[in-house]
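Here is a colleague's note for someone opening this structure for the first time. Please keep the sequence and the 3D view at hand while reading.

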Amino acid sequence: MTTTATLLLRLAAPLQSWGDHRAVLDARHTAAQPTKSGVIGLLAAALGRDRDEPLGQLADLTMGVRVDLPGTLLRDYHTVSDHRGVPLLSANLTAKGRQKPTSKPRYIQPTERFYLQDAAFLVGVNGPADFMKDLTAAAKAPACLLSLGRRSCPPTYPFVLSLTDSPLIEALTEQDWLASPHARTVWQRRNHSAAPAAIDVPATIDDPDGDTVLGDQPTSYLLGRNRHTTRRVTHRLITLSTGFTPAPDTPAGEEHDPLALLGW
Amino acid sequence: MSTRLTRRRFIDVHVLQTVPPSNLNRDDAGAPKEASYGGVRRPRASSQAWKRATRIAFSALGISEDQLGTRTKQIADHLASRIAARTSLDDASAARLAAAVIAPLGITASKNKEEESAYLLFYGNKQIEQLVDLVADRAADLAALDDKQLAAEFTSAQARTALMTGHPIDVALFGRMVANVPDIDVNAACQVAHAIATHGAELEFDFYTAVDDRQAADSKGAGMMGRIGFNSATFYRYGAVALHQLEANLTDPAAAVKAASAFVSAFVRSMPTGYGNSFAHRTMPQLVAISVREDQPVNLVTAFEKPITAYGSTGYAAPSAAALAAEQHTIATTWGAPALWTGVTHSFTDTTAKALDEAFGQPLTFPDMLNALTAELTR
């Protein structure tokens, strides 16, 4: 039996966007967390693979995503126009199957693009130890420019956290919370100054016996012919230490009771 | 794939630029775009807006037309007119040859001159001449063939080769994607992040009224009135170039260095033009720092996750520059990832300048820094 290893990646940036196949002409959506086709595509780019190369061992990797900071959704308004100033095309076709220009003519097509802002994810990828070693080297010194789901979303440093012998779930559990000191302050402010010593974060992990089916297992990245199949995953919560010092428990009998002042 | 074989070099471009009240890039409500980072809302200008400004700046920098690309649906028409210009053929025959040359690519389905391709094709003006080369010497003989014989004369490989070599620099940098002819795709060699402010800033509104010069004396109303959203920000802008990808796209190392330098120059000097006449926001950067790395590009936006605050009279620019220098220093030391080469142009003094010296080296003028970058890339 071959040994396996887990590569841990930190996917964090001001903006990221993980296409979830709801891409239609005028709206580009994002999934709430990195998709498997997005992450495998990122690793293929790091290796310098062309789109037409078979996925090989990349297709067999097991992936887990831990949502350290879920971020918020950003809707970006974007326009498309033809630089020659001619009308855009409509959905109607000519007898030859070509699109007719819009009538009355329209020159600007508004589109919507969605991004996740302020999010941070821990992604674990598990596979044969020798392949994972090559993959780690490629992720540290990628062949191509990398991006978090869309070209305008470059990752921030550090991108590669570690390569460990631990199995996927252990590796995802052992890694500290990715929130930076500033992000921890913001988290505390958003949670009404709560300072729990530990929090539970959601994780989505490849599992042949899982009860959820996702449609983002890549089979080909050929442009216009990119294909996906399904994979089974389980969802679970992972408990992480926050580094906060929790307020000491209020001694019994000394709860705040404003009505006591009134003698009630 | 050649990018795996050649020596890898990434060029990081970091820019700090302060803009006065302005509305560079607006959303559908007319307000400047924003994003939340580090828990605070900040002004943002999209990467698409700044890439378009960069492309437009190429011609302002005096890059000649034949090094640039055309994005059009009328490649058949363009090719036909170039064939007619190079040979003595009439327009109809030239159109017939043009259609035959590109037909194997599946770009156009008809010999009709008026037909357009189904999408905008981004190709180089030099590349169109390479397609003309395929027919120029024997144009008269080819025009005499019937449709079937003519079609047999051209293979998709010929047209593909012409469209895959000698890319114009904008295609080589920004890439090309043709969904139904993936063979002629070009992988982009650069990346531009959305520009975001290093600090939180409120969206404000300018209420304006315009007076009617010929208004009746007894009328007190305004001619018109309205509101424009605006904000003022110190932006962090980041762009990266993969020089090895650029070399693969241009198939010429010397041209790749020239194109990389043109990108740096155009990206740094460009500015989206939104509401330009209302706000006259055209400023120059206060800092441009460049790193050349062999391992990976490094985006320093993390320097501003904790938003910069302006105490007293410092403004945002100097503390932003200091934070950028500190982040560069931290990444080089903590993560053991120093850059191969760094260069910097800035206008800061005192302690900020000292921090920048330690992180990026002695400041140079922008033209000198570009020369030093070119020297490093050709080394």
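Predicted model: local features only at pLDDT ≥ 70, side-chain atom pairs only at ≥ 80, totals over all residues.

The points below go from the interface to the salt bridges and then to one helix.

1. The interface in outline. Chain A and chain B touch through 48 residues of chain A and 60 residues of chain B. Together the two chains bury about 4400 Å². Carbon and sulfur atoms account for 51% of that area.

2. Polar links across the interface. There are 20 residue pairs in polar contact between chain A and chain B, counting pairs with both residues at pLDDT 80 or more. Three salt bridges are counted between the two chains. One salt bridge between these chains pairs B:Lys33 with A:Asp76. Their closest N and O atoms are 3.1 Å apart.

3. Which elements of chain A each supply at least two residues of the side that touches chain B? They are strand 1 (4-16), strand 4 (72-81), strand 7 (108-128) and helix 4 (181-190). By class, this side of chain A has 21 nonpolar, ten polar and 17 charged residues.

4. Salt bridges overall. Side chains of opposite charge can pair when their charged atoms come close. Over all chains, the whole structure has 18 salt bridges.

5. A:Asp206 with A:Lys36. These two form a salt bridge, with the closest N and O atoms 2.7 Å apart. The pair links distant parts of the chain, 170 residues apart. A:Asp206 belongs to strand 9 (residues 198-206) of chain A, and A:Lys36 to helix 1 (residues 36-47) of chain A.

6. A:Arg231 with A:Asp216. Here the closest N and O atoms of the salt bridge are 2.6 Å apart. A:Arg231 counts as buried at 8% relative accessibility. A:Asp216 counts as buried at 7%.

7. B:Glu153 with B:Arg138. This salt bridge is in chain B, and its closest N and O atoms are 2.9 Å apart. B:Glu153 lies in helix 7 (residues 147-153) of chain B. B:Arg138 lies in the loop between helix 5 (125-136) and helix 6 (139-144) of chain B. The pair therefore ties together parts that are 15 residues apart in sequence. B:Glu153 is partly exposed, with a relative accessible area of 32%. B:Arg138 counts as partly exposed at 32% relative accessibility.

8. A network in chain A. Salt bridges that share partners join A:Lys36, A:Asp206, A:Asp216 and A:Arg231 into one network.

9. Helix 4 of chain A. Which residues of this helix are buried? They are A:His182, A:Ala183, A:Arg184, A:Val186 and A:Trp187. The buried residues of helix 4 pack against strand 3 (62-69) and strand 9 of chain A. Helix 4 also supplies at least two residues of the side of chain A that touches chain B. Just after helix 4, A:His192 takes a positive phi of about 55 degrees.

Terms used. Residues numbered from 1 in each chain as written. Chains lettered and ligands numbered in written order. Heavy atoms only, no water. Contact = heavy atoms within 4.5 Å. Buried area = accessible area lost by both parts, 1.4 Å probe. Salt bridge = Lys/Arg side-chain N within 4 Å of Asp/Glu carboxyl O. Polar contact = N/O pair within 3.5 Å; in protein donor to acceptor, adjacent residues only side chain to side chain. Helix = DSSP H or I, 4+ residues; strand = E, 2+ residues; numbered from the N terminus. Nonpolar A, V, L, I, M, F, W, Y, C, P; charged D, E, K, R; others polar. Buried < 20%, exposed > 50% of the residue type's maximum accessible area, 1.4 Å probe, protein only.
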